[in-house]
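Hi,

Here is the structure I promised to pass on.

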Amino acid sequence: MKVAKFIRHTLVRCGGLGKLSCVLVLLVAVSGSFGCSERLSARAEFNHQRLAAVNAYPLEQNLITNIDNRSTVSLNGKWQVIIDPYENGYYDYRYQPTKDGYFKNAKPRDKTDLVEYDFDKSETLNVPGDWNSQQDKLLFYEGTIWYKKSFDYQRKPDRRVFVYFGAANYHSIVYLNGQKLGEHEGGFTPFNFEITKVVHEKDNFLVVKVDNKRRRDAVPTVNTDWWNYGGLTRRVELVEVPETFIRDYFIQLKKGSLKTVAGWIQLDGNKAEQKITVEIPEISVKRAFKSNADGYVKIEFDAELQLWSPENSRLYDVTITSETDSLTDSIGFRSIETKGSKILLNGKPIFLRGICMHEQAPKSNARACSQEHAETLLGWAKEMNCNFVRLAHYPHNEYMPRTADRLGILVWAEIPVYWTILWENEDTLKNALNQLTEMITRDKNRASVILWSMANETPVGKARNVFLRALVKRAKSLDPTRLITAAMEKSYKGANKPVINDPFGRHVDVLGCNEYIGWYEGLPDKCDLYTWSTTYDKPVIISEFGGGALGGFHADKDTRWSEEYQEYLYEEQIKMLEKIPFLAGTSPWILTDFMSPRRPLPQIQDYWNRKGLISDKGEKKKAFYVMQRFYEKLKQAEQ
Ligand code: GCB
């Protein structure tokens, strides 16, 4: 009786605080009042600190956005490389970091001098590009490779220079002319370092140690279902900017509005306080603002805009001009929200006709990294009548959301918090928060991106919930306009009665659910028996379903790996999915076959996950057309 009263009292008092704090207060208090273990309160305290930590981890953001529209010098092309499985170029024989590492790019001073490496006589690799697909001997390589690029550079007066990496998988240390610029962890997001004071006119050498060793405490962790492509996988550029420049900005429709543009602009440099204008010439909008002593200014104004949608992917040139800099971006304006089990785009319900994709280059064993790759992959999605893609399981290269903006394809963007991350490790959380921050920083002005996904198929548990909630908190603070999701799993409330009830579902706007009925779970005819439910009044996307087929292998519909089995599975899935009343979208697994070390079956898989609707040779399998017809039907019904 006493306890119940205390709980009621606490909940009332906690009115102004977050619900979690209440639960924590209760956990601590109740565990105390029952004299139960100190472990529980220690756990509650730990969780509390975890969430508080999200604020404590500063946003050490210096990422420059919109590289495409700035003055850049490409460092792409051939780089000299040294394969260094023992990290000999970094550690001495006592396994201490050495000051004479390969980053010194040393040459023998005379004929007596001992130097045991030579970049200039070493082999080369293409940048951007993963190393695994460039040389047979590197296919399974996991470790360090040193990259070196030499260049001359004429710095213009009053200009600052940065070196920008689209991504490097997984951990990199960057040096210019023997001096360390910094380190970066995370294989799928961009980073940059200022080199204004380090760069010379002649004979610069940029050296990058890239290490793709998997680590239990990393994000992703050791176990995934995709190839661990290593290297300088995305473009490398020198970016030239004025001494005080427009580093970043957020310009989107204000949450809940179809005509108020809102956001902020951030300058970087000494002249923080400046007059800044935002112009959208096509609709004769020009507004003036003034940045504060931190170079930051909030903006807000009304504009008569044609709204961006898959049917009308209208982009406007938006120009920001400060006293010292000017920058243009192509921006679309749309709203995205939910109402009960519906997703509303520009206030109207929309069904997401989607497909998942990995960053696997079309018809190739390489990681995708170019505009052409983006055009082909998203072109295939369009051909399937998609209006939506799930870019699994990590942020894809920037060509993807930019091309999606242009083609009118909605995007689910995600970070590699996948399967069994170390939920209780502080550094793991910091790392995930950082990758999330870098993804949102890069893509927050893309109209196509509507969903930030926090995780994929993570096991239900307290520490995991706290970890993921910390991510949600960060995502919402960086971008209050988009929807939060995660790909979760179902459970059962009786035979053939799947239910979506993951407790983390409370904290997302849209529930993603992966299921493999007919592949890992029974045969395709099982779909017919299932009745789905959910404990949340929220939209549900079946974010994965599917099965494998070897392109060109034909047999009857009961034969695994045949195109006919996959086709049959898709037909049965669709019949089941059509009966789910709260379904707001589907993104089957997956557009194309993709490489995975978990898939060794000879003559069928040969290290490819064969669940693609398009083979690694670019041939469409029968199930592709099943999805194409289903989406065509949905499209027609919408018109
Ligand atoms: C999943 C994972 C995805 C795998 C897929 C599969 O549930 O989310 O990463 O590749 O299943 O093919 O098993």
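The protein has nine helices and 33 strands, counting DSSP runs numbered from the N terminus (H or I of at least four residues for helices, E of at least two for strands). Its radius of gyration is 26 Å, close to the 26 Å that the globule rule gives for 639 residues, so it is as compact as a globular protein of that length. That radius is taken over C-alpha atoms, and the rule is 2.2 Å times the number of residues to the power 0.38.

Before you go further: this is a predicted model, where local features need pLDDT of at least 70, side-chain atom pairs count only at pLDDT 80 or more, and totals for chains, interfaces and linings use all residues. Residues are numbered from 1 along each chain as its sequence is written, and side-chain values use heavy atoms, with hydrogens and water left out.

An automatic or database domain assignment gives domain 1 (67–242), domain 2 (256–334) and domain 3 (337–638).

Four salt bridges link the two domains (a side-chain nitrogen of Lys or Arg within 4 Å of a carboxyl oxygen of Asp or Glu). Arg235 also pairs with Glu398 in a salt bridge, with the closest N and O atoms 3.7 Å apart.

Cheers
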